[in-house]
Amino acid sequence: MSAPSHAPESAEQPEAAAAAAKVPGGRGDADSRSLRQIAWQRLRKDKVAMVSGVIVVLLILAAIFAPLLAKWLGQPPTQFNQDLIEPNTGLPYADPNNTEPVGGLIPEVDNWGGISGDHLLGLEPKTGRDLFSRIVYGAQISLLVAFLSTLLCVALGTLLGIIAGYKGGWVDTVISRAMDIFLAFPLMLFAIALVGVIPNGFIGLEGNGLRIAVIVFIIGFFNWPYIARIVRGQTLSLREREFVEAARSLGASNRHILFKEILPNLITPILVYSTLLIPTNILFEAALSFLGVGINPPTPSWGKMLSEAVAHYSTAPYFIIFPGLAIFVTVLAFNLFGDGLRDAFDPKTSD
Amino acid sequence: MRKRTLGFVALGAAASIFLAACGSGDSGENGGSDAAAAFDAGSTGVVNPSEETGGTLRYAISSDFDSTDPGDTYYGFSWNFTRYYARTLLAFTPAPAEASTELTTDLAAGMPEPNDDFTQWTVKIQEGLKYEDGTEITAQDIKYAIARSNYNGGELPNGPRYFESSLDQEPFNVYESSDPMEEFTAIETPDDYTLVFNLKESFSEFPYVLTQPQTAPVPEEADRGALYKENVLSSGPYKFEGQYEPGVKLDLVRNENWDGATDPIRPALPDEVTVEIGVAQEEIDQRIVNGELDVDLSGVGVGPTMKSQFLQDLESYETNLDNPLSGALRYVNIHTPNLETACRQAIAFAADRDSLHRAWGGDTGGDLATNLLPPTIPGSDPESDLYPSEDNKGDLEAAQDKLDECGESDGFKTVIAVRDGRPNDLATAESLQESLKRVNIELEIKTFPAEDFFAQYAGSQDYVRENNIGLSVSGWIPDWASGYGFGYKITSGDAIQATGNYNTSELDDQEVNALWDEALTTEDPDERAEIYAQIDTLVIEQAAILPVVFDRAMFYRSDELTNVYYTSSYAMYDYMALGVNRG
């Protein structure tokens, strides 16, 4: 069939083979350790990445076990504790047992937010809801939305990227132009508009289920080109590799080549990129909640907590610090862990 | 509904504020008299009374006028402020607190005279009144002003349409008509100083409508449509210095052709009046405290940041603070189409009103409300309480009985609609959600864009039915301080609309409707007040409205201001009275 056209390439065979050996998980691995083992060893030595990884795991556990934590502390996230709050200022009493006005005016209030053994991070102004419990519950929403939307991004991006890279020609052109269009989309504005107009009961969902679905869809559906571009680029180079040629010459179907030959080599960059995409999506969800188009109250969400805190910044700064810190730590941990992962898998870094 | 509170209070929604309990008790006694600077003194008396003229009175506002054109404005502060350069037929009495809700004359030579069934009103204006250019003000100019502000095909969109809805007039458009004065037959001008208003139906409270800025005269040849707001032809003590610059500034200087002897409501003390537009709320509050500004034009009180600062250092600020009622009722609609009467009453019994009151900022945020009409309105009985409970924590047994009665012994689920960006509205919904849980009534909170809340969501009959909206958090401020001015649009069956529905609970009660009709043919204000009291009781009995608080605003009263007092008719300081003394 097309043997002659292969002749020039075979001249480069030794080099290509060497390159193939470096492809993560690629065939022809010469080292006795797999690349994954090497990466794991490198990652373990990377203290920053490990600490971040532990924080990520703790966050995920906290989110999963939020109801248990809240129960253990006896503080459901929506329970009002107005008896602990001085109503005029909306701030916690300095001493809830002594609510006598100071100097005939109002009782003394606690500018540090009523932090106590019962309320580890203090109380929300006005309602007196437990901040620790709300932040832990907030992690549920943030992480759930971030993971689901990242999953959607990755699924769409990988599929379209791999097809574009492998098929080339007009398919590539169409998909690449689609990527350009999607990347140019004013995503935030679109999200705000869409959340407002989608009616309850749409695709059988309502309330927060619907909100989450819409947000996940928006983030996932409009951020796939980032992953698709990386996958496409990798695929472009992989499809010329010898092992792909070999599979093809053995008569393997396109599907086999795409998913059994090329895809395994893409797992690492996808994994690394997903880890870096998660914090971006956490921020996006927080921004939407901040703007009032996120999750419905009273379900706690970090972005919502931040926007409510703005009104109290001068008198109750703790209220802005804790949710802010939650977002900051989560995003930083995911980013640093993602960086560590990338370094660990990078064939160019030496041990 | 004047847009004042609904537009702004919510923004500074912690515009809930302060010390009613300590303050009002003392100052209540010297009501109406001159008061020394003390906490809340300006709410009930005149602080720093003075006749001294001169100086520049400096206003600032964080947003802007909807329009400076008297024929095109619906903000409460704007109705108060436009009086500087736009005299109206009637006016509110220049006096502190409730005394201000009495009507008096401005351009008019005497109070309007009705015919037997209140369908025709005749009013005469003073002779010899002049505009800033020296030409004489005539009845025809007032007729034209009313025409342009009510029949303009959307050219001047902001103002209310009380004249359009009450006058016996075929629809027309001033700006398309070849002879608008000829076509506008509902108002007759038999001579240059007499106006005769012909109404469709009896309207005993029509004189209140004549206080609105739409009755300020505009000569037909001076009208520039939507551009008229740039430089309004003044009939009052001040005129525009240069143009009004939207988003930037408005400056006023003395109008030499105004004659104080003809004007019972404007002492016109300052020589100049300036307005800085688009200054951040925090900056305005701080500069007023620093003495760099005099008054926050928006008239809704200080923002939440400054309020907290005041509260935490009361001893330093106490004597400069006023904490009057804002005139608004904050309440929750209980929608009649989705919930039966007994179910609605169950909600009224189960609600933890103490929690709601705390969520609104306690005593300084407002007075716990158990009835419909605000205390400033004749006929209001704030002591009445049809759903009493110990410490206002809710009566769960009575609530359960009502649930049994409506066949929902195990509780039910419904949705409560809330406007976005209004922390106090949201806290109201969250508090209700918690307290109704106690009788297994589950509320799902949904937030909606504030600007479309009544047009598309809670105020849309279809949306309410399709989405099982059982409750919605709302607020209301009267267009004028009477039971009709406050309650008609939110409780009359005749006021129900398919969209933009402010009778949001869709209460359509025969008895209530009949009482509204009766009020409009009753001449004696005291008799009308009695009718309004009956309506109040019926509405609460029907549990169509769950009152939350009569809210209070917190004002900082600068020491350099003279003649300062709070007027209930605009629910802010009386801007016409203010002067400055920089001494």
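## Exercises on chain B

Chain B of this predicted model falls into two parts, with domain 1 made up of residues 2-274 + 557-580 and domain 2 of residues 325-552.

**Exercise 1.** Work out how many Å separate the centres of domain 1 of chain B and domain 2 of chain B.

*Solution.* Begin with the bounds: domain 1 takes in 2-274 and also 557-580, while domain 2 covers 325-552. Then take the centres over C-alpha atoms, which gives a separation of 31 Å between domain 1 of chain B and domain 2 of chain B.

**Exercise 2.** Decide how the radius of gyration of chain B stands against the globule rule.

*Solution.* Start by listing the secondary structure of chain B, which comprises 21 helices and 25 strands. For 583 residues the globule rule gives 25 Å, and the radius of gyration of chain B is 24 Å, close to that value, so chain B is as compact as a globular protein of that length. Next consider the extent along the principal axes, where the C-alpha atoms of chain B fill a box of roughly 75 × 60 × 40 Å. Finally, turn to the interior: 59% of the 583 residues of chain B count as buried, and among contacts with a separation of 6 or more, 74% join residues 24 or more positions apart.

**Exercise 3.** Find where in chain B pLDDT stays under 50.

*Solution.* Look at the chain as a whole, for which the average pLDDT is 89 and 94% of the residues score at least 70. Then go to residues 3-33 of chain B, where pLDDT stays under 50 although the model has 103 contacts beyond four places in sequence for them. Where pLDDT is low, predicted coordinates should not be read in detail. For the complex, the predictor gives an ipTM of 0.71 and a pTM of 0.79.

Note on methods: Residues numbered from 1 in each chain as written. Chains lettered and ligands numbered in written order. Predicted model: local features only at pLDDT ≥ 70, side-chain atom pairs only at ≥ 80, totals over all residues. Domains from an automatic or database assignment. Helix = DSSP H or I, 4+ residues; strand = E, 2+ residues; numbered from the N terminus. Rg over C-alpha atoms; globule rule 2.2 N^0.38 Å. Buried ≥ 20, exposed ≤ 12 C-beta atoms within 10 Å, placed from the backbone. Contact = placed C-beta atoms within 7 Å. pLDDT = per-residue confidence, 0-100.
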